[in-house]
Amino acid sequence: MNHFIDNIKRGCLWVTSLFLFTLVVSCSKPQKEFVLKVKLNKLQGDQIFDKDLVYDVVFDANEFELDSTQKIAREVFLRGLDEFKNKKNTLKAITLFKESLLYFPEAKTYYELGSALLAFRTYPEYLEQSRKCFEIAQILSFKPEYAIHLKLAKAEVFLAKLNKEDNYRWWDVNSEFRRAFNTGYFDTTAIQNDPDFAEYVKSPSYKELVINVLTQNSSIGGTYSKFNIFKNSFTNFNPDFKISDNEVSMENYKQSISYEFSDFIPEMENVSFGREVSNDFYYVAKVAETADYVALVYATSSFGGDGYQPVETILAVYDNNGKQISRKLIACQCNAEKIKTCSFSSGKLIIEEKKRNWEKPINSFGIDENTVESVDLIAKAVFSFKNNGMIQAEDVPANFNDSIRIAKK
């Protein structure tokens, strides 16, 4: 019996010794720290014209939260747009557009930078940079695509005039116009009236191109009309669309709408050519479509203010030709306290006005230092679409602050 107990003791001692040895050895080895180091690429200087680098930055950005960086980029972009469109200070605009791209590369910024560079038609370096801008804008899925090819055609015209011995440039002009026609552009009158194209439109190549395109696309204004391109850019079709309390900032919608579509967004026309450029616009959703109309939702965010960013979300109803039938403010981060939310269900549009209650006085503490404790419902209204696309009231209480915007007939 004693022998049995002694064996058990020796076994326990051996196990204990092995454990202590393993512990000492493991502790004596240098410990490896596995730290995930992720660095987001950022463009530097003339790298903004490198298509591969730009693609890498945008691709990598999908893995990061870049709201603050993109916000700065868009603020700088809008300042550049103000210099370009309103103040006619093209050099200043170019500087600001380039600065914006260093923060974050976006298709719309490349398109406007390329347009600004085209103003220097006698400078080959600027024209080559312009070409690169439009090519990158195309890679980044700028819409409408035909606008890029029209701009590239103009760049090729200017380069051809600077180097009259380079006959291939005129072939490139013709190729860009073909691409413009193939992606939805059919306004040959505008081309003929553009003095920059005066020499080209007299050529047999252009006349032959127009005849071929018109023959192949007899239904001009159909599938490839500007409005259809605009409408089809709303890739999110959601008849049960909803914007809740914590979604009114519309932070999840980041695909920017080109100012080339200002024909269909009256607010964009006022902003982009007003005294101050301060708003950007984003695709949200298509919520209804019939044989007579289509209902689209887009958002506009206002840059500026003391760290607070007002956001409005608009429902706009169009006929098949792109004429706006009616529109309505359906949701907003109107100010720090007031918000509007909405939902679509079974053909009904419900809009709710609400009041945010902050933990601390909003006038004394910034948004970042505060939290919303609760949200009170102020008023609820119900609307629906008529067969002609008009938005009609179903149940609207007296205390509802409605915003009905009817397009001019």
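Ile-257 is buried, with a relative accessible area of 0%, where buried means under 20% relative accessible area, exposed means over 50%, and partly exposed lies in between (1.4 Å probe, protein chains only). The model is predicted, so local features need pLDDT of at least 70 and side-chain atom pairs count only at pLDDT 80 or more, while totals for chains, interfaces and linings use all residues. Residues are numbered from 1 along each chain as its sequence is written, and side-chain values use heavy atoms, with hydrogens and water left out.

Ile-257 lies in the loop between β1 (242-243) and α12 (266-272); here helices (H or I, at least four residues) and strands (E, at least two) are DSSP runs, numbered from the N terminus. Leaving aside neighbours within four places in sequence, Ile-257 is in contact (heavy atoms within 4.5 Å) with residues including Lys-108, Phe-230, Phe-281 and Tyr-298. Ile-257 and Lys-143 are 114 residues apart in sequence, yet their C-alpha atoms are 7.8 Å apart in space.

Ile-257 is also one of the residues with the most contacts inside the largest nonpolar core, which has 72 residues. Such a core is a set of buried Ala, Val, Leu, Ile, Met, Phe, Trp, Tyr and Cys residues joined through side-chain atoms within 4.5 Å. Helix α7 (residues 145-162) gives the largest share of this core, ten residues, and a second, separate core of 29 residues includes Val-284, Ala-285, Val-311 and Val-317. In soluble globular proteins, nonpolar side chains tend to be buried together.

Helix α7 has 18 residues and reaches 27 Å from its first C-alpha to its last, close to the 26 Å expected at 1.5 Å a residue, a span taken as 1.5 Å times one less than the number of residues. Because 14 of its 18 residues are buried, α7 is largely enclosed by the rest of the structure.

Tyr-55, together with Phe-59 and Ile-139, forms a nonpolar patch on the surface with about 330 Å² of accessible area.

Technical notes. Patches are made of residues with over 30% relative accessible area and no salt bridge: like charges are joined within 9 Å, nonpolar side chains (Val, Leu, Ile, Met, Phe, Trp, Tyr) within 5 Å. Accessible areas come from the Shrake-Rupley method with a 1.4 Å probe; for residues, only the protein chains shown count as cover. A salt bridge is a side-chain nitrogen of Lys or Arg within 4 Å of a carboxyl oxygen of Asp or Glu.
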